[in-house]
Amino acid sequence: MKTSLVINGKEHQLDADSRTTLLDALRNHLDLTGTKKGCDHGQCGACTVIVNGRRINSCLTLACMHDGDEITTIEGLGQPGNLSDLQNAFVKHDGFQCGYCTPGQICSATAMLQEVKDGWPSHVSDDLTGTVDLTNAEISERMSGNLCRCAAYPNIVDAIRETAEGRK
């Protein structure tokens with residue numbers, strides 16, 4: 001099936017089986033291997049990418065469902081020598097151990113910070129219409145779809161908080 005995907009600002013033409021997941025299209029057809037295959041069941045978040053501004057598990061969606069969509073992978077957020085603020089904060093706070101979950105964590109956190117700016121409440125938000133205070137509980141709830149087997153959670157939370165507060 002022919003599908004046009006706009007990935008990290010560049011249009012890609014994909015000719016793949018209609019059952020190809022977005023994750024497999026990225027990794028196996030387009031050689032964008034930053035997005036990781038963890039559980040392949042949508043439970044770990046290692047495959048998180050941003051589609052039209054929203055974070056999704058790329059293992060749970062078919063590539064053909066995203067014809068014409070704007071997709072951002074870890075490769076589109078920063079490159080060595082030109083990292084995003086969040087990527088720099090992950091490095092500074094050692095928000096990665098083995099690094100396997102890191103691309104999904106960073107994509108998820110990038111979209112999550114935009115959700116906070118847009119005023120989206122979470123399950124633990126005290127006020128559904130006010131400004132969200134990024135407490136540990138708030139960040140943890142919002143990032144709960146992304147697992148880290150190395151348990152770098154406190155460092156990940158610190159990196160997210162620093163980025164949200166604009167500190168460097």
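Hi everyone, and thanks for coming. Please keep in mind that what you see here is a predicted model.

Let's begin with the sheet. Five strands make up an open sheet, and their order is S2-S1-S5-S3-S4, with mixed pairing. Who sits at the edges? That would be strand S2, residues 10-15, and strand S4, residues 54-57; each has a single partner strand, so one side of each has no neighbour in the sheet. On average, neighbouring strands in this sheet are turned by 40° against each other, if we ignore direction.

Strand S3, residues 48-51, runs antiparallel to S4, and four bridges join the two. If you want a pair to look for on screen, find Val 49, which stands opposite Ile 56 in S4.

Next, the helices. Helix H1, residues 22-29, lies across S1, S2, S3, S4 and S5, at about 105° to S3. Helix H4, residues 102-117, lies across S3, S4 and S5, and its angle to S3 is about 40°.

H4 also has a helical partner. How do H4 and helix H6, residues 153-165, pack? Their axes are 11 Å apart, at an angle of about 35°, and the crossing is right-handed. On the H4 side, the contact has Gln 105, Ala 109, Met 112 and Leu 113; these meet Ile 156, Ile 160, Thr 163 and Ala 164 in H6. By type, the residues of that contact are six nonpolar, two polar and no charged.

How values were computed: Residues numbered from 1 in each chain as written. Predicted model: local features only at pLDDT ≥ 70, side-chain atom pairs only at ≥ 80, totals over all residues. Heavy atoms only, no water. Pairing = 2+ DSSP bridges. Axes fitted to C-alpha atoms, helices over the stretch in contact; angles between N-to-C directions. Contact = heavy atoms within 4.5 Å. Left-handed = near helix turned anticlockwise from the far one by under 90°. Nonpolar A, V, L, I, M, F, W, Y, C, P; charged D, E, K, R; others polar.
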